[in-house]
Amino acid sequence: MSNEIETMEQASRRGIDMGGLPSFVGYTLRRAQLVIFDDFIRTLDEVGLKPASFSVLIILGSNPGLNQSEVSAALGIQRTNFVALVDSLEQRGLAERRPSESDRRSHALHLTPAGRKLLARAMTLQQEHEARFTDRLGPGGREQLLTLLEKLLPTE
C-alpha cells in the first residue's frame, strides 16, 4: 500500500477525529479504490501499462475493429485523451489503426501480435491482483461486493 494512503486507524492514533467520514459510502469507497488502484498500478508496472491502457487492450482484444469513438465511449475516456492513449499503444507496437471497412472516415483498432502477447501477460498479473483482494474479502465476499457496487451504477 502506498505511503500516502493512511489508514483510519493510523489517523486515529495520531489524534485525528475523522468525524463522520468513515460512515460515508463515497468516502470509504474512494479510500478502497485508492488502495486497489495503488496495487494494480504496481502490478501492471511489470508490463509497462497503466489501468486505462490495460482497459483499452482488453476491449480491443475482445472487439477487434471498433473505432476510436466506440472504444472511448465504452470506457468513458474523453476523445482527446483517448487519441493520445492509442498513439502511445501504437508507438509501442501493441495496437494499430487500420482503415475501416464500413466507414472510410474512421479507423478500425486492432491489437498486434505483440499486443495480444502483452495482454495475455497483463491478464495473468490482473488475476494475481484480483486474487489478493478476493482473499481479503473472504468466502463469497467478492461476489457480494460486486453485487452491491452494481446497485450503485446508473441504470439505463
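**Figure 1. The chain end at Thr 155.** In which segment is Thr 155 found? Thr 155 sits in the segment after helix 7 (141–152). This is a predicted model, in which local features need pLDDT of at least 70, side-chain atom pairs count only at pLDDT 80 or more, and totals for chains, interfaces and linings use all residues. Residues are numbered from 1 along each chain as its sequence is written, and side-chain values use heavy atoms, with hydrogens and water left out. Helices (H or I, at least four residues) and strands (E, at least two) are DSSP runs, numbered from the N terminus. Is Thr 155 buried or exposed? Thr 155 is exposed, at a relative accessible area of 74%. Buried stands for under 20% relative accessible area, exposed for over 50%, and partly exposed for the range in between (1.4 Å probe, protein chains only). From Thr 155 to Leu 145 the C-alpha separation is 18 Å in space, for ten residues in sequence.

**Figure 2. The chain as a whole.** Seven helices and two strands make up the secondary structure of the chain. Their order along the sequence is α-α-α-α-α-β-β-α-α. The C-alpha trace spans about 60 × 35 × 30 Å along its principal axes. The radius of gyration of the chain is 19 Å, whereas a compact globule of 156 residues would have one near 15 Å. That radius is taken over C-alpha atoms, and the globule rule is 2.2 Å times the number of residues to the power 0.38. Of the 156 residues, 29% count as buried. The accessible surface comes to about 10,600 Å², and carbon and sulfur atoms own 54% of it. These areas come from the Shrake-Rupley method with a 1.4 Å probe; for residues, only the protein chains shown count as cover. Contact means heavy atoms within 4.5 Å. Among contacts between residues at least 6 apart in sequence, 52% join residues at least 24 apart.

**Figure 3. The aromatic pair of Phe 40 and Phe 54.** How many aromatic pairs does a search of the whole structure find? The search finds one. The ring centres of Phe 40 and Phe 54 are 5.4 Å apart and the planes stand at 75°, so the pair is edge-to-face. Rings of Phe, Tyr and Trp (its six-membered ring) pair if their centres lie within 6.5 Å; planes under 30 degrees apart are stacked, over 60 edge-to-face, and the rest tilted. Phe 40 belongs to helix 2 (residues 25–44) and Phe 54 to helix 3 (residues 51–62), so the pair ties together parts 14 residues apart in sequence. Both Phe 40 and Phe 54 are buried.

**Figure 4. Ser 55 in helix 3.** Ser 55 has its place in helix 3. At 28% relative accessibility, Ser 55 is partly exposed. Its C-alpha atom is separated by 16 Å from that of Glu 128, which is 73 residues away along the chain.

**Figure 5. Leu 89 and its contacts.** Leu 89 is part of helix 5 (residues 79–91). Its relative accessible area is 1%, so Leu 89 is buried. Leaving out residues up to four places away in sequence, Leu 89 touches Leu 49, Ser 53, Val 56, Leu 57, Leu 94 and Ala 95. Leu 57 is 32 residues from Leu 89 in sequence, with 8.7 Å between the C-alpha atoms.

**Figure 6. Glu 96 and Thr 112.** Glu 96 lies in strand 1 (residues 95–99). Thr 112 lies in the loop between strand 2 (107–111) and helix 6 (113–137). Glu 96 is partly exposed, with a relative accessible area of 28%. Thr 112 is buried, with 11%. Not counting residues up to four places away in sequence, Glu 96 touches Glu 90, Ala 108, Leu 109, His 110 and Thr 112. Between Glu 96 and His 107, eleven residues apart in sequence, the C-alpha distance is 9.2 Å.
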